[in-house]
Amino acid sequence: KFTQRVFSGIQPSGGLTLGNYLGAIKRFVEMQGQGIETIYCMVDMHAITVWQDPEALKRQTRELAAGYLAAGLDPSKSILFNQSQVSAHAELGWVFNCVARMGWMNRMTQWKDKTSGKDAEKSSLGLFAYPSLMAADILVYHATHVPVGEDQKQHVELTRDIAAKFNHDYKVDFFPITNPVIEGSATRVMSLRDGTKKMSKSDPSDASRINLTDEADTIAKKIKKAKTDAEPLPDSFDALEGRAEAKNLVNIYAALSGMTKDAVLGEFAGQGFGAFKPRLADLAVASLAPISTEMSRLMQDPAEIDRILGEGADKADAIARPILEKTYDIVGM
Ligand code: ADP
Ligand code: NA
């Protein structure tokens, strides 16, 4: 029925940021209902690779589901569920732990970043093996495309390596070689305080990010205080070379408005950030306020969220289970 199958997930390890929205959720919504089968997940098993307060994890998982729904994800068009509800993820993850090599995991830059300056010996084994479980998340659906932000590119490449090694080791043509889909103006939204760091829910500075649930005046204040330079804006994006913070704000404006970056600069050329920032703040508030209002409305009825996820899990399981069974058969189990 479908020629493409899309899978992607987000960790329920904290509130959603503008980076998650522009780099992931907004694009997930754009892909649904285009003759593409879309499967989206809250990857709670990835979240526990670092310790999570159990009550907070439960709340954040529902909040993330509310975020997906509020941003326009439609359960009649997309499958939405929690990773831990479909045990085929963990089961295929184990098989892939036996296919992937320690050296491959050691080369993951996210692993190196997360453990740099710390004692890697004290990290969980799960944090190290995380990309192998991510490969299982994708391949247990034979997904052909994975929309992600730039920070996940290496993990999707590892997914391709695992599929190819499995196919080679067992002399089969079973797992597809999945394509990462990293497109748009906001594949890497940067911190508002430091143009060299990506915007992240795990950054200790709240001023570094815009949260989907921030109030309008908080959003405006954070954008006003965002680090920039004193130069006026040029008339083309190429001329922003070397101005990381300026580029980031223009990228965000383009992604939120649906305009090209050059069209944005066409509008602001010659003006400084004193003129640009209030316009960006208005645009961000207008885009995010309806989502956060809808999120709070959905959070009033957690049973309804759980019902949607339960239905999604059944649909996901119906696709994943036969692929897992076939994998076991190929492996000799
Ligand atoms: P985080 O990095 O905020 O903890 P996740 O690791 O759960 O979020 O990532 C969820 C999705 O959001 C991934 O597709 C990731 O690439 C995307 N993403 C996260 N941060 C950003 C960002 N700053 N810019 C663009 N996309 C991002
Ligand atoms: Na990430």
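Colleague: What covers the buried residues of H8 in this predicted model?

Modeller: The cover includes helix H4 (88-97), helix H5 (102-106), helix H7 (125-139), strand E4 (145-147) and strand E5 (179-181).

Colleague: And which residues of H8 are called buried, and by what cut-off?

Modeller: To be called buried, a residue needs 20 or more other C-beta atoms within 10 Å of its own. In H8, His155, Val156, Leu158, Thr159, Ile162, Ala163 and Phe166 are buried.

Colleague: What puts them on the same side of H8?

Modeller: The arc they cover around the axis is only 155°, so they sit on the same side of H8.

Colleague: How does the reach of H8 sit against the expected value?

Modeller: H8 (residues 153-169) has 17 residues, and 1.5 Å a residue gives an expected 24 Å. From first C-alpha to last, H8 reaches 24 Å, close to that expectation. Just after H8, Lys171 takes a positive phi of about 50°.

Colleague: What is Ala284 in contact with, leaving aside neighbours within four places in sequence?

Modeller: Ile210, Ile219, Ile223 and Leu256. Contact here takes C-beta atoms within 7 Å.

Colleague: What pLDDT does the chain average?

Modeller: It averages 95, with 100% of the residues scoring at least 70. ipTM and pTM are 0.95 and 0.95.

How values were computed:
Residues numbered from 1 in each chain as written. Chains lettered and ligands numbered in written order. Predicted model: local features only at pLDDT ≥ 70, side-chain atom pairs only at ≥ 80, totals over all residues. Contact = placed C-beta atoms within 7 Å. Helix = DSSP H or I, 4+ residues; strand = E, 2+ residues; numbered from the N terminus. Expected span 1.5 Å × (residues − 1). Buried ≥ 20, exposed ≤ 12 C-beta atoms within 10 Å, placed from the backbone. Arc of directions from axis to C-beta. pLDDT = per-residue confidence, 0-100.
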